[in-house]
Amino acid sequence: MVVSCEQVWREISNYLEEDMEPGLRTSMEEHIRRCKRCTTVLDGTRNVVQLYGDERMFEVPLGFSQRLQRRLEENMPRSRRSFLGWMVATAAAVLVAGSFELGRSSVFSHSELRSEHAQPGTGVPPDMMVVVATDGKTFHAAGCPFIHDKAHLRTIAAQEALRQGYAPCVRCMRKYLNAG
Amino acid sequence: MREEVTSPKSPAERFNEETLIRRIREGEHELFYELIRPYERRVYSAALAILRNEPDAEDTAQEAMLKAFKHIRQFRAEARFSTWLIQITVNEARMRRRKEHAHLVDPIVDYQDEEGNYTPRDFADWREIPSEILERKEIRQELAEALEALEHIYREVFVLRDMQHLSIAETAKALGISTAAVKTRLLRARLMLRDLLAPGLGGTWSSRLHFAKGTKPW
């Protein structure tokens, strides 16, 4: 069977998918061997499939999973089975928050912040995931356009960020500054 | 030619997924995140393929997951959970796209046209390219821009099939089109991307592709 260039182009995808009759495949291979143009079309199309199929081609935004989890938690009714667990968690959170408040008043005074000019936050949820730059002074929500050093970012819990002296970003964390 | 990532799951995984779904239906809602975690990337990329805007895609991905949770009782065990989830995402993203473009005249896509033959451009050469070039951010950027330039009917098919490695049948199901349409659009998408990228990646690499964003050079 003799195939034309047009037929090769029409079937090139199926050829790459190995989804064709063996007879047609053999004819295409014969044609491609002799035809420079069809060889470049095949090579190029194969390159496209391989390059775009690579995992590196696709990244989810930083903090995507944490934000998704939070949104799910906020919108899901509590399950009955976990009610007891929830009570325990609430009690633990109250304890943590309590000790955190104590800690903040005694240890994290204003001067302990990395920046002299920053305001300490109030009411920051301790388990909220935030982004900090190693040498930065403030913590941010992921994706905040005011993150300066994007090359050295870490995602940590807000309570850890506060413990390390980071202050809330005046833009993306504004709501925690009101009472400060 | 490549490993089918979405080939049927091992019985153990499948069992685990079925068990999770049953327990969620019985009220253990907190297990839902465990169920969807393996598909986070895929859901986000399906939304991004349709919306082309990261914040919208993220919001839509979240909405789709919530919808899946709300309607988990409607999920039928004979379908694959991942395909069902992608279908929900595609619908959500399309709804948002329609809403946001409501003020524009809906472009009438000539679906007949896609049956027509496509003539790939005649370039000198584009031999195999080592995938290491993807370490370069500007290369990834060029590839992403070329993909954005595709008309959405081609981009959707290409992303689900060639980037997220859904099978032809799953892609068809997720998009609500026939497998024949998937194959035709996939061919067109691959050839168009090849034509867009070959001049740069084939050797005479230029820092910009020779087309403006949103225009079609073919």
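**View 1. Helix H1 meets helix H2 in chain A.** Val8(A), Glu11(A) and Tyr15(A) of H1(A) touch Leu24(A), Arg25(A), Met28(A), His31(A) and Ile32(A) of H2(A). By type, the residues of this contact are five nonpolar, one polar and two charged. Contact means that C-beta atoms, placed from the backbone, lie within 7 Å. Ala, Val, Leu, Ile, Met, Phe, Trp, Tyr, Cys and Pro count as nonpolar; Asp, Glu, Lys and Arg count as charged; the others, Gly among them, are polar. Helices (H or I, at least four residues) and strands (E, at least two) are DSSP runs, numbered from the N terminus.

This is a predicted model, in which local features need pLDDT of at least 70 and side-chain atom pairs count only at pLDDT 80 or more, while totals for chains, interfaces and linings use all residues. Residues are numbered from 1 along each chain as its sequence is written, and chains are lettered from A and ligands numbered from 1 in the order in which they are written.

**View 2. How the two helices cross.** The axes of H1(A), residues 5-17, and H2(A) come within 11 Å and cross at roughly 120 degrees. Axes are lines fitted to C-alpha atoms, for helices over the stretch in contact, with angles from 0 to 180 degrees between N-to-C directions. H1(A) and H2(A) are therefore oblique to each other. Angles under 35 degrees are roughly parallel, over 145 roughly antiparallel, 65 to 115 roughly perpendicular, and the rest oblique.

**View 3. Ser27 of chain A.** Ser27(A) sits in H2(A), residues 22-34. Leaving out residues up to four places away in sequence, Ser27(A) touches Met1(A), Val2(A) and Val3(A). Ser27(A) and Val3(A) are 24 residues apart in sequence, yet 6.5 Å apart in space, C-alpha to C-alpha. Ser27(A) counts as partly exposed because it has 17 C-beta neighbours inside 10 Å. Buried means 20 or more other C-beta atoms within 10 Å of the residue's own, exposed means 12 or fewer, and partly exposed lies in between; C-beta atoms are placed from the backbone.

**View 4. Chain A as a whole.** Chain A has six helices and four strands. Along the sequence they follow the pattern α-α-α-α-α-β-β-β-α-β. Of its 180 residues, 24% count as buried.

**View 5. Where chain B touches chain A.** The contact takes 44 residues from chain B and 40 residues from chain A. On the chain B side, H9(B) gives the largest share, nine residues. That side divides into 21 nonpolar, seven polar and 16 charged residues. The model scores ipTM 0.74 and pTM 0.63.

**View 6. Two loop residues of chain B.** Most residues other than glycine have a negative phi. Arg52(B) has a positive phi of about 60 degrees, although it is not a glycine. Arg52(B) lies in the loop between H3 and H4 of chain B. His165(B) also has a positive phi, near 60 degrees. His165(B) lies in the loop between H7 and H8 of chain B. With 16 C-beta neighbours inside 10 Å, Arg52(B) counts as partly exposed. With 17, His165(B) counts as partly exposed.

**View 7. Confidence along chain B.** Chain B averages a pLDDT of 79, and 75% of the residues score at least 70. pLDDT is the predictor's confidence in each residue, from 0 to 100. It stays under 50 over residues 1-7 of chain B. It also stays under 50 over residues 203-218 of chain B.

Definitions and conventions: Contact = placed C-beta atoms within 7 Å.
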